[in-house]
Amino acid sequence: MSDSESSRPAGSAEPGTLAANSRPSLPGDLSPAELVERIIRVDHAGEFGARRIYEGQLAVLKNHPDAAIIRHMHEQELAHLQAFEKLMVQRRVRPSALHPIWNIAGFALGAATALMGAKAAMACTVAVEEVIDEHYQQQQAQLGTDEAPLKATIERFRTEERGAEEATGYPLLTSAIKAGSRLAIWLAERV
Ligand SMILES: [Fe+2]
């Protein structure tokens, strides 16, 4: 454990320090193909969940002055979802087996927060976006130059995701949603 390579803990690779072709294989590491498969599956599930959140919000807030903003975000998520659907076919990745759960949970989260009011709905959006942003950033760091188009797609979606940046005033709700979103990511990567 004297040289820098062997003393580096697993999973601590700094973005940019390891080129795509020199990714080390550490115990528990995914192969590049497995990594891409996992990324496409979880991002597809996430974009689908996001679509359902906005559908839940719109079911409640369709006549609210903020409805136009929610509709815009919903359309953006539809485009993201379609892009990952295409990638799933191209790269032969199966969807998350928990798809029916994301369908219901996303809608329920959107509708429940919207029932608390437009501000709570926005707090929900911000919390989910924050987790997605952090997660997409991690994925970008994991992908090498051999996956440049996928990396660029993730970067573009990550930027588009960050529409709603507002002080929320719902700390408990925000942290619950963040915890739930992280759990959903963990599950959709694996199941
Ligand atoms: Fe998205």
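1. Ground rules. Residues are numbered from 1 along each chain as its sequence is written. As the model is predicted, local features need pLDDT of at least 70 and side-chain atom pairs count only at pLDDT 80 or more, while totals for chains, interfaces and linings use all residues, and side-chain values use heavy atoms, with hydrogens and water left out.

2. Fold. The protein has seven helices and zero strands, with helices taken as DSSP runs of H or I of at least four residues and strands as E runs of at least two, numbered from the N terminus.

3. Burial and surface. Of the 191 residues, 41% are buried, meaning under 20% relative accessible area with a 1.4 Å probe, protein chains only. The exposed surface comes to about 10400 Å², and carbon and sulfur atoms supply 58% of it; these areas come from the Shrake-Rupley method with a 1.4 Å probe.

4. Contacts along the chain. Taking contact as heavy atoms within 4.5 Å, 79% of the contacts between residues at least 6 apart in sequence join residues at least 24 apart.

5. Arg52. This residue belongs to helix α2, residues 32-61. Is Arg52 buried or exposed? Arg52 is buried, at a relative accessible area of 17%. Leaving aside residues up to four places away in sequence, Arg52 touches Trp102, Asn103, Gly106 and Phe107.

Technical notes. Buried < 20%, exposed > 50% of the residue type's maximum accessible area, 1.4 Å probe, protein only.
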